[in-house]
Amino acid sequence: MLLGPVKHKEKNSGMDFLTLFLIYSVLVLTSIVLIIKYPGQDESFLRRVFNSLTKIISPVIPLWLQTATHHFLHKLFHTRNAIFLILHFVLEAAVYGEYTWEVFQYCRELGFSLPSLLVPYFLLAVKSYFFYLCCITDPGTITKLNHESLLQVYMYDEVLYQKFIVCPTCNLRKPARSKHCRVCNRCVHRFDHHCVWVNNCIGALNTRYFLIYLITLSAMAVNIAALTLSLLIQVVVMSNMMQGSYIDADGQQRAVELTFVIQHLFLTFPRIVFMLGFLIVLFLLLGGYSCFHVYLILINQTSNEWYKSRSYSYQQSMQCQQFSEGYRHAPHKKNTYSKGLLKNILEIIKPLAGEEKNKKDD
């Protein structure tokens with residue numbers, strides 16, 4: 001049995017728990033700040049909130065520290081580098097190392113079925129394959145060779161995309177739904193966003209790989225979290241912890257409550273509980289992000305277009321309020337690229353290329 005009956009004094013453990021929980025909270029908050037700082041879009045709501053908070057606290061931060069931080073963050077988020085790839089592998093190795101070393105072994109002792117314990121490794125193999133494809137696949141770089149054909153793929157809506165706009169860096173007329181990536185220094189066909197975690201742009205040719213990568217990564221997180229939570233629940237049940245008692249700091253004997261159980265598990269299995277908390281946060285973030293991308297695929301819209309259309313609607317609303325007090329709601333920008341649910345999905349599975357578009361038109 002992993003835990004014995006609970007009936008002991010809890011005088012110093014409270015301070016130990018608070019110390020561990022503080023470290024845990026700092027690590028989780030740091031991860032959230034990293035995700036907020038670079039979600040792949042310059043104008044995201046979370047990033048605007050982050051920038052606003054930065055402006056508030058900047059007066060109390062020394063100028064040299066602000067300058068050094070700015071240079072570091074610019075190098076980290078606005079230049080193509082392998083830092084987040086390395087961080088990705090380190091976090092993944094830490095999670096699977098803990099799962100294999102402790103969770104897997106404990107689950108086997110408690111009689112968990114072997115196939116259910118091997119599912120995370122299968123998901124890891126699938127995720128790794130599509131992660132590799134995301135990293136190495138050309139997202140749809142616009143060059144002089146394919147430029148003319150890509151101009152024919154999508155029509156210009158004259159709102160988000162206008163004709164005869166030339167990219168000053170690439171010196172090429174920008175096809176509709178394309179954008180110049182400042183990190184990769186190239187124009188990308190059907191640009192979605194630049195993802196630092198795969199060190200590549202997400203565009204027409206690798207969106208399908210990116211979506212499967214997100215879904216399998218979310219599945220990995222929730223699967224390992226579910227197995228870990230099942231393990232901890234079974235440990236509590238088998239140890240009869242809820243029927244036990246403990247002596248508090250005042251010397252009073254108290255019946256075990258849920259808060260005590262969580263504290264006790266945190267101190268008994270700190271690495272497992274750390275991993276569980278990290279996976280829960282990761283799943284909530286990735287699950288929501290995956291659902292967002294599925295929604296965008298179903299309506300045939302990129303995240304770049306989603307943010308730009310929200311900005312356009314906001315600007316139109318401000319203009320309407322300025323020139324007409326009685327007109328409160330501006331019309332939303334219509335998505336001209338949606339072709340129906342099935343065709344939208346097929347366009348992701350088999351991206352449109354200039355030559356294919358010309359054949360269809362013929």
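## Aromatic pairs

The count comes to 18 aromatic pairs, where rings of Phe, Tyr and Trp (its six-membered ring) pair if their centres lie within 6.5 Å, with planes under 30 degrees apart counted as stacked, over 60 as edge-to-face and the rest as tilted. Tyr99 and Phe104 form an edge-to-face pair, 6.3 Å centre to centre with 75° between the planes, and both Tyr99 and Phe104 are buried, that is, under 20% relative accessible area with a 1.4 Å probe and protein chains only. Phe131 and Tyr213 form a tilted pair, 5.4 Å centre to centre with 40° between the planes; since Phe131 lies in helix 5 and Tyr213 in helix 7, the pair ties together parts that are 82 residues apart in sequence.

Lys127 lies over the face of Phe131, at 5.1 Å from the ring centre, the criterion being NZ of Lys or CZ of Arg within 6 Å of the ring centre and within 35 degrees of the ring normal.

## Basis of the model

The model is predicted, and local features need pLDDT of at least 70, side-chain atom pairs count only at pLDDT 80 or more, while totals for chains, interfaces and linings use all residues. Residues are numbered from 1 along each chain as its sequence is written, and side-chain values use heavy atoms, with hydrogens and water left out.

## The loop at Ser178

Ser178 lies in the loop between strand 2 (172–173) and strand 3 (179–181), strands being DSSP runs of E of at least two residues and helices runs of H or I of at least four, numbered from the N terminus. Ser178 is buried, with a relative accessible area of 3%, and its side chain reaches the backbone oxygen of Pro175 at 2.5 Å. Not counting residues up to four places away in sequence, Ser178 touches Ile142, Tyr161, Val188, His189, Arg190 and Phe191, contact meaning heavy atoms within 4.5 Å.

Technical notes:
Buried means under 20% relative accessible area, exposed over 50%, partly exposed in between (1.4 Å probe, protein chains only). A polar contact is a pair of N or O atoms within 3.5 Å; within protein, one must be able to donate a hydrogen and the other to accept it, and residues adjacent in sequence count only if both atoms are side-chain atoms.
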